[in-house]
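Subject: Structure handover

Hello,

Here is the structure for you to look through. Please open it beside this message.

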Amino acid sequence: MNSILENRRFRKLEEGETIKSFNCGDTELNDFILKNADNYKKTLLSVSYVLEENDKVIAYFSLSNDNLSADIFESKTDFNRKMRKRFVNEKRKRHFPAMKIGRFAVEINQENKGIGTGLIDIIKYALIDNPQSGCRFITVDAYNDAIPFYTKNGFVMVNSFQKDRRTQPMFFDLAQLL
Ligand SMILES: CC(C)(COP(=O)(O)OP(=O)(O)OC[C@H]1O[C@@H](n2cnc3c(N)ncnc32)[C@H](O)[C@@H]1OP(=O)(O)O)[C@@H](O)C(=O)NCCC(=O)NCCS
């Protein structure tokens, strides 16, 4: 069992539920789980999952279907170079199925205890062990500050660092777990 689950509950957020308190230090991510996650679920835009300890949410993430498309790479050549080694017979494909981490946050006083990494592992292995559709990559628009966290978890940057952006697109190739 994933060790972050010991004495904790991991579950999908149900429709109509309200989360009463959550603070990861980022207002936008706090507001999402406190105010917007339910509406995103109702309108089929994303599904959120929470990790609870003593009935309090200590981390959450939300997921949506996505694709890793050639369009977001710096150039077609760059896309082909990065994909060539992964796909032998799919040279002309310009989109690959993916799952997007839309939001991802850990309560501020619970950071650096491996909870984020444990949740990333839950996402990775759910997609590998119980696939509901073809999904080759996990994608995320990583906050610049969180890039070391995603890198540590095997994600790579789509492009070189763009310093005028608050987030950078990154991806993880699920095939490396097969
Ligand atoms: C980023 C975040 C999800 C990581 O969760 P976590 O439970 O603290 O992560 P883990 O304990 O599994 O891993 C921590 C590792 O990531 C690195 N890390 C996490 N946040 C970091 C940051 N802001 N800057 C630099 N490194 C960071 C740590 O250095 C640590 O590495 P180490 O184990 O080598 O010391 C969490 O810090 C968080 O919620 N941050 C605020 C919201 C946010 O940025 N969300 C991501 C949106 S894309």
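The model is predicted: local features need pLDDT of at least 70, side-chain atom pairs count only at pLDDT 80 or more, and totals for chains, interfaces and linings use all residues. Residues are numbered from 1 along each chain as its sequence is written.

Sheet. Seven strands form an open sheet with mixed pairing, in the order β1-β2-β3-β4-β5-β7-β6. Strands are DSSP runs of E with at least two residues, helices are runs of H or I with at least four, and both are numbered from the N terminus. Two strands pair if DSSP finds at least two bridges between them. β1 (9-12) and β6 (156-157) are at the edges with a single partner strand each, so one side of each has no neighbour in the sheet. The pairing of β1 with β2 is antiparallel, over four bridges. R11 has V50 in β2 as its bridge partner.

Helix α1. This helix covers residues 27-42. Its buried residues are F32, I33 and A37 (buried: 20 or more other C-beta atoms within 10 Å of the residue's own, with C-beta atoms placed from the backbone). After α1 comes L44, with a positive phi near 65°.

Ligand. Around the ligand are 22 residues, and E111, G116, T117, D145 and F149 are the closest (a residue counts if its C-beta atom, placed from the backbone, lies within 6 Å). The elements that give two or more residues to this shell are β4 (95-106), α3 (115-129), β5 (137-143) and α4 (147-152).

Regards

Notes
Expected span 1.5 Å × (residues − 1). Buried ≥ 20, exposed ≤ 12 C-beta atoms within 10 Å, placed from the backbone.
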